[in-house]
Amino acid sequence: YHRYVVPGIEAFEEGMESCLIPIGRWLRESTPAASTIITGDIGAIGFFSERRMCDAAGLVSPSLLPLVHRGLLPNEIIGKKLYSSCCAPSYVVHRASSPEELKADPDLIPLLTKPFPNMSLSDPGMNYYTVYRVRTAGAADTLSGRRM
């Protein structure tokens, strides 16, 4: 317990404090209140952002459960935009093994990336959470009313 569990819990807590909570706070401070955000990790991001969440893991978005039941992971659902028939997000928070993994997508504009080391005992490597703004057809590139 003290050799494996406690260090894992402490590492996860550190990642929450340095990555997910700051992302949630940034979203609250930097995005319009009516924004919808899709992510596979809604807990701290949803709580601290105070924004509407579309959950790629299906916990609070049951319309996405058929994809989850087919064995698709939240990152696949987000990366392949399989959520599009159920959710029209303004922002995407994507977890990957490299920063800005979806930056080649012309519909996504990377805004913020934070590392999350040692996510779990079975995943001791580095993960990166990147916040993207979804570019909508014909819309100006704005963030909180400012031109980017």
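**Legends to the close-up views**

**View 1. With a relative accessibility of 57%, Glu50 counts as exposed.** Accessibility is classed as buried under 20% relative accessible area, exposed over 50% and partly exposed in between, with a 1.4 Å probe and protein chains only. The structure is a predicted model, in which local features need pLDDT of at least 70 and side-chain atom pairs count only at pLDDT 80 or more, whereas totals for chains, interfaces and linings use all residues. Residues are numbered from 1 along each chain as its sequence is written, and side-chain values use heavy atoms, with hydrogens and water left out. Glu50 lies in the loop between α2 and β2, where helices (H or I, at least four residues) and strands (E, at least two) are DSSP runs numbered from the N terminus. The phi of Glu50 is positive, near 60 degrees, in a residue other than glycine. Most residues other than glycine have a negative phi.

**View 2. Helix α2 (residues 42-49) is largely enclosed by the rest of the structure, because six of its eight residues are buried.** The buried positions of α2 are Ile42, Ala44, Ile45, Gly46, Phe48 and Ser49. Their cover includes α1, β1 (36-39), β2 (52-55) and β3 (91-96), contact being defined by heavy atoms within 4.5 Å. For the setting of this helix, the chain has four helices and seven strands, and buried residues make up 40% of its 148 residues.

**View 3. Arg95 and Asp41 form a salt bridge, with their closest N and O atoms 3.5 Å apart.** Arg95 lies in strand β3 and Asp41 in the loop between β1 and α2, so the pair ties together parts that are 54 residues apart in sequence. A salt bridge is a side-chain nitrogen of Lys or Arg within 4 Å of a carboxyl oxygen of Asp or Glu, and the structure holds four of them. Arg95 is partly exposed at 24% relative accessibility, and Asp41 is likewise partly exposed, at 23%.

**View 4. Lys81, Asp105 and Asp107 are linked in a network of salt bridges.** Since Lys81 lies in the loop between α4 and β3 and Asp105 in the loop between β3 and β4 (108-117), the pair ties together parts that are 24 residues apart in sequence. Asp105 is buried, with a relative accessible area of 17%, whereas Lys81 counts as partly exposed at 25%. Lys81 also has a positive phi of about 55 degrees, although it is not a glycine.

**View 5. Glu10, Glu13, Glu14 and Glu17 form a negative surface patch.** Such patches are made of residues with over 30% relative accessible area and no salt bridge, like charges being joined within 9 Å and nonpolar side chains (Val, Leu, Ile, Met, Phe, Trp, Tyr) within 5 Å. Lys and Arg count as positive and Asp and Glu as negative, while His and the chain ends are not counted; the place of a charge is taken as NZ of Lys, CZ of Arg, CG of Asp or CD of Glu. Glu14 is found in helix α1 (residues 5-30) and is exposed, with a relative accessible area of 53%.

**View 6. Glu29 and Arg28 form a salt bridge, their closest N and O atoms being 3.8 Å apart.** Glu29 is exposed at 58% relative accessibility, whereas Arg28 is partly exposed at 29%.

Terms used: Accessible areas come from the Shrake-Rupley method with a 1.4 Å probe; for residues, only the protein chains shown count as cover.
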